[in-house]
Amino acid sequence: MGTSEVVLQVLSGAAPRLLSSDIGSGFLDSTFSSRFLLKCTKKRASRYKQLFKCSNIVQNHIGVSRYMGLCSDSFGYNEVNKVQRLICKCQKAERLSGTTAADGNGTWFVDNAKTLNLNGVTKKPNILEFENVQQFEQENKGLASNGSVGTVRDTTSKTSVDSIEDEAWDLLRDSMVYYCGSPIGTIAANDPTSSNVLNYDQVFIRDFIPSGIAFLLKGEYDIVRNFILHTLQLQSWEKTMDCHSPGQGLMPASFKVRTVPLDGDDCATEEVLDPDFGEAAIGRVAPVDSGLWWIILLRAYGKCSGDLSVQERIDVQTGIKMILRLCLADGFDMFPTLLVTDGPCMIDRRMGIHGHPLEIQALFYSALLSAREMLAPEDGSADLIRALNNRLVALSFHIREYYWIDMRKLNEIYRYKTEEYSYDAVNKFNIYPDQIPPWLVEWMPNKGGYLIGNLQPAHMDFRFFSLGNLWSVVSSLATTDQSHAILDLIETKWSDLVADMPLKICYPALEGQEWQIITGSDPKNTPWSYHNGGSWPTLLWQLTVACIKMNRPEIAAKAVQVAEKRIARDKWPEYYDTKRARFIGKQSRLFQTWSIAGYLVAKLLLADPSAAKILITEEDSELVNAFSCMISANPRRKRGRKNPNKTYIV
Ligand code: GLC
C-alpha cells in the first residue's frame with residue numbers, strides 16, 4: 001500500500017475543521033479593496049478614548065508606481081512593484097495633550113473595510129477592540145489565579161524573586177516597543193555599547209516569542225495580542241525584491257516603528273510600521289519561521305489568556321490559512337518536509353542548512369497541529385484540512401524514520417548498500433556510508449540519539465541542531481522514545497552542548513575547508529562562534545519546555561543554574577564563543593532581549609511546569625494510528641521478505 005493510500009484510508013472521515021477550499025492552486029487570486037483605514041486618531045472624551053488614524057500608503061518602487069490611496073482598487077498578485085507600509089498617524093499635538101493608550105482607556109477601531117479576497121476567502125477588517133481586551137485581562141487575571149493555565153505572579157512581592165530575575169524583568173520591560181502608545185513588541189537588543197545597530201533595533205518575530213511567552217506567563221496579555229494583530233496586518237502586504245514578490249502569507253522577519261513627519265504638517269508626526277521580509281536583511285534571507293512562530297504564539301495566547309476571540313476573528317483565521325497555503329502549496333519536491341533556502345530561521349546566514357532543515361520541519365509540524373486546533377469549522381474547508389492532515393502524517397513519518405540516528409541506525413547506514421533502483425529500497429536517499437563523519441563515530445553515545453540536521457538526495461547533514469531537536473520533542477514530532485533519547489544525549493554530551501553556557505546552537509562547528517566552502521568564509525561564523533557552534537542562552541526556554549514535556553525538568557534546572565552563574569554579570573549576551581562557551585561572542589550584542597526573555601521563561605516554567613502546556617502539542621490518536629499503518633507499510637521493515645522482481649540495480 002502506498003503512503004498516500006494509507007493516509008487517505010486512515011484519515012478518511014476525519015472531521016473537517018477548516019474554512020477554506022482549494023489549496024495549492026498556484027497563484028492566489030488576491031483582490032484588495034484598497035480602502036483600508038485603521039483609525040486611531042486621538043480625542044478627548046469623557047473616558048479619554050484614544051483614536052489613531054492609520055492609512056495604507058504605497059510608495060513608488062524602481063520606477064513603477066501605483067497609488068492605492070483611498071479609492072477602491074483591485075490588482076493581481078504580481079501586478080505592481082511597491083513597498084507598502086502601515087502608517088499610524090499619531091498627531092504630536094494630540095499626544096502632547098496627555099492621553100495615551102497607556103492610560104488604560106484606549107479604543108481602537110477600523111472605520112473602513114479592507115477586503116482581501118483569497119480564493120474566495122474574504123479577509124475582513126481588523127477590529128482592535130482594546131476595551132474588550134482590557135476587560136478580558138481583568139477577568140482572566142481572576143481566572144488565572146483560580147487555576148487556569150495562565151499563572152499570574154504577584155509582581156509586587158519582589159522580595160521572593162531572585163535579583164537576577166528582577167533585573168531581567170526590568171530589562172525586558174525596557175526593551176518594549178510602542179506603536180501609537182501601545183506596546184507591540186520588544187527590540188532585539190538594547191546594547192548601549194554597540195556602535196553598529198544594524199537591525200537589532202527592530203522587533204524580530206522569532207525573537208519576540210520568548211518575550212511574548214514571558215508576558216503571557218506574567219498575565220500581561222495586551223502586548224502579545226497587539227503583536228499578533230499588527231504582524232498580521234503586515235503579513236497581507238505585498239512585498240517586492242527586484243521585481244519579484246514572494247508568496248502571500250509570508251510574515252516579516254522583523255519590523256520597525258518609525259516616527260516620520262506627517263505630510264504637509266510641520267508640527268505633527270506619524271508612526272509607521274515598516275516590515276522587513278528579507279528584502280533588506282543581510283543576505284536577503286526569507287524568514288520561513290516567522291509565520292510558523294506566529295501560529296504557535298497565537299495558540300499560546302489563547303490557551304494562556306483564555307481569550308479565544310483573537311483566534312476566532314475572520315482576519316486571524318484568514319491569516320492562518322494564508323500561512324498554511326503558502327506552506328502546503330504543491331511544488332517540485334518529493335518530500336513532505338518544507339524545502340527552503342539557506343538561512344530561513346534562527347540561523348539566518350549561510351550555514352549550509354538549505355534544503356529541509358530540521359528546525360523548519362519541527363516548527364512546521366508544531367504550527368500545523370496548532371492551526372488544526374484553532375481553525376474554525378466552515379463549509380468548503382475539507383480540502384485544506386485533508387491536505388493538512390496528510391502532511392502531518394507524512395511529515396512525522398518522514399522525520400521519525402529518516403532523520404533519526406542512534407548507534408543502531410548509524411551502524412545500519414555504515415552497512416548500507418547503495419545505488420538501489422526500486423520502490424522498496426532500504427537506502428532510499430542513496431546515502432554513501434563514507435558520509436558518516438569521523439567525529440560522529442566517536443561522539444555517538446550508546447544511550448541516546450538525535451534527529452539529524454537535514455536530509456537531501458545522497459546527503460545527510462549529521463550535525464546536531466539544538467532548536468530543531470528540542471522543538472521536535474515539544475511538538476511530538478519525535479516519538480516518546482526518541483524524545484527521551486534526545487534528552488539522554490544532551491545529558492551525556494553535557495560538556496559539549498551545555499559546557500559553560502547553555503546551549504550550543506549546533507554541534508560540531510564547521511572548520512577548515514568545510515567552513516570556507518559551506519559558509520563562504522563567513523568571518524562572523526568562524527568555528528565555535530555565532531551560528532557555527534556558538535552557544536545561545538535564549539535556547540534555555542526551548543530546552544525547558546522540552547524537559548518539562550518529558551517530565552525531566554531537572555535537566556533544564558541544571559542548565560539554568562549554569563547560565564545564572566554568569567549571564568547577568570556578562571550583561572545578557574546574544575551568544576558565546578569557543579568550544580566550551582567560555583567567551584562572550586566576538587560580535588555578540590549585550591542586553592540581547594531574547595537571552596533575557598529566554599532565561600525568564602525557563603524560570604517561570606520551572607516554577608510552574610503545568611504552564612508549559614500552552615506550547616506543547618501532544619500527538620492525537622488519529623496521527624498515532626496513521627503513523628503505525630505507515631510504519632508497517634514501510635519497506636525497511638519488510639526487508640526480510642525479499643521480492644527480487646521489484647529490485648532493479650542500474
Ligand atoms: C541574528 C540571529 C537571528 C535573530 C537576529 C535578531 O540575526 O541570527 O536569529 O533573530 O539576530 O536577534
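Biologist: How are residues numbered, and which pLDDT do local features need?

Modeller: Residues are counted from 1 along each chain as its sequence is written, and side-chain values use heavy atoms, with hydrogens and water left out. Because the model is predicted, side-chain atom pairs count only at pLDDT 80 or more, totals for chains, interfaces and linings use all residues, and local features need a pLDDT of at least 70.

Biologist: Which residues surround the ligand, and where does the ligand sit?

Modeller: A residue is near a molecule or strand if one of its heavy atoms lies within 4 Å of it, and the residues around the ligand include A188, Y200, F204, R206, M346, H531, E574 and W594. A cavity is, on a 1 Å grid over the protein atoms alone, a set of points where a 1.4 Å probe fits but cannot get out, and a molecule sits in one if more than half of its atoms lie within 2 Å of its grid points. By that rule, the ligand sits in the largest cavity.

Biologist: What percentage of the ligand's exposed area does the protein bury?

Modeller: Polar contacts are pairs of N or O atoms within 3.5 Å; within protein, one must be able to donate a hydrogen and the other to accept it, and residues adjacent in sequence count only if both atoms are side-chain atoms. An oxygen atom of the ligand is 2.5 Å from an N or O atom in the side chain of D207, and a ligand oxygen is 2.9 Å from such an atom in the side chain of Q592. Accessible areas come from the Shrake-Rupley method with a 1.4 Å probe, and for residues only the protein chains shown count as cover. Taken alone the ligand exposes 310 Å², of which the protein buries 95%.

Biologist: Is Y530 buried or exposed?

Modeller: Y530 lies in the loop between α17 and α18 (539-549), where helices (H or I, at least four residues) and strands (E, at least two) are DSSP runs numbered from the N terminus. Most residues other than glycine have a negative phi, whereas Y530 has a positive phi of about 50 degrees. With buried meaning under 20% relative accessible area, exposed over 50% and partly exposed in between (1.4 Å probe, protein chains only), Y530 at 5% is buried.

Biologist: Which residues does P502 contact, beyond its neighbours within four places in sequence?

Modeller: P502 lies in the loop between α16 (494-497) and β17 (506-507), and P502 is buried because its relative accessible area is 0%. The peptide bond from P502 to L503 is cis, with omega near 5 degrees. Contact means heavy atoms within 4.5 Å, and with those neighbours left aside the partners of P502 are W536, P537, L540, A559, V562 and A563.

Biologist: Which residue's backbone oxygen does the side chain of Q482 reach?

Modeller: Q482 is found in helix α15 (residues 480-492), and Q482 is buried, with a relative accessible area of 9%. Not counting residues up to four places away in sequence, Q482 touches R400 and W404. At 3.1 Å, the backbone oxygen that the side chain of Q482 reaches belongs to R400.

How values were computed
1 Å grid on protein atoms, 1.4 Å probe; cavity = no way out; pocket = protein on both sides within 12 Å on 5 of 7 lines; lining within 4 Å.
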